[in-house]
Amino acid sequence: NITYLPYFVSTVVLVGMINLFFSYNGLANNIGALFGAEPQMFLMKDSLFDDLYVWSGVWQATGYNAVVFIAALAGVSPDLHEAATIDGASPLQQTFSVTIPMLQHTTYFVLMMLIISSFQTFDLIYLMTKGGPGRATLTLSQYIYDQGFSYFNVGRASAAALVLFVIVAGLTMLQKKFEKNDF
C-alpha cells in the first residue's frame, strides 16, 4: 500500500522521491508544463516548501498511525455496538457514541507522538533544504547539529539540546498525566 511506503523506506529514499517529483525538472513541473503552467521551485520558495514539507510528513506518518488505529478499532468490543443497535442507535450514532469515545486514548497517544516527533524533526528537512531557503526551515534539531558540528560551538549546541530535552520530557510527562487520569 502506498500509505505504508514512506514508513518502511529510509528518509533518504523519501527525499529522493520528493526531489524526483518536485525539483525544477521534476514530474510536477513537467505535468504543469502540459497545461501551460510556469515551472516552480518547490524546494526553494518558503510558501511552497511549507506545504510540501507538511504533506510529506503526513504521508510519512500515515501508515504507522493507520496501523495503530486499526489495532485500537480491533479492541472495540462488538458487544457495545450490539447494545447500541438494540437501543436503536443508527450506524452514525454508534460511530459518535461508541467508536470515537473508545478511540480517545489512541487518538491522544497518536497526537502526542506526532507533536513530540515534530520537535525532533531533523533528517527530512536537512536532506531537502539543509535549513534553507534563508534558514526558513531551520528546526531546533538542525540548529543543534549546525552549532555542534558545523560551527563547533559545543556549549551552544548543548544548551539547545537541553532545551529540546526539557520540551520533550515535559510533553511526555503531560501525556503520562492524562493517561493516568483516564481523561
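User: Which helix does Leu27 lie in?

Analyst: Leu27 lies in helix H3; helices (H or I, at least four residues) are DSSP runs, numbered from the N terminus. This is a predicted model, in which local features need pLDDT of at least 70 and side-chain atom pairs count only at pLDDT 80 or more, while totals for chains, interfaces and linings use all residues. Residues are numbered from 1 along each chain as its sequence is written, and side-chain values use heavy atoms, with hydrogens and water left out.

User: Is Leu27 buried, partly exposed or exposed, and why?

Analyst: Leu27 counts as partly exposed because its relative accessibility is 41%. Buried means under 20% relative accessible area, exposed means over 50%, and partly exposed lies in between (1.4 Å probe, protein chains only).

User: Which residues form the nonpolar patch on the surface?

Analyst: The patch is formed by Phe21, Leu27, Ile31, Leu34 and Phe35, which together have about 570 Å² of accessible area. Helix H3 (residues 27-34) supplies the largest share, three residues. Patches consist of residues with over 30% relative accessible area and no salt bridge; like charges are joined within 9 Å, and nonpolar side chains (Val, Leu, Ile, Met, Phe, Trp, Tyr) within 5 Å. A salt bridge is a side-chain nitrogen of Lys or Arg within 4 Å of a carboxyl oxygen of Asp or Glu. Accessible areas come from the Shrake-Rupley method with a 1.4 Å probe, and for residues only the protein chains shown count as cover.

User: New topic: where does H4 bend?

Analyst: H4 bends by about 40° at Thr62, where the bend is the angle between axes fitted to the seven residues ending there and the seven starting there.

User: What do the buried residues of H4 pack against?

Analyst: They pack against helix H2 (11-22), helix H7 (104-119) and helix H8 (123-128). Among the buried residues of H4 are Phe49, Leu52 and Val68. In H7, the buried residues are Thr106, Tyr108, Val110, Met112 and Ile116.

User: And Asp146, is it buried or exposed?

Analyst: Asp146, in helix H9 (residues 140-150), counts as buried because its relative accessibility is 7%. Leaving aside neighbours within four places in sequence, Asp146 is in contact (heavy atoms within 4.5 Å) with Arg135, Leu138 and Tyr151.

User: Where is Phe152?

Analyst: Phe152 is in the loop between H9 and helix H10 (154-181). Phe152 has a positive phi of about 55°, although it is not a glycine. At 65% relative accessibility, Phe152 counts as exposed.

Notes
Helix = DSSP H or I, 4+ residues; strand = E, 2+ residues; numbered from the N terminus.
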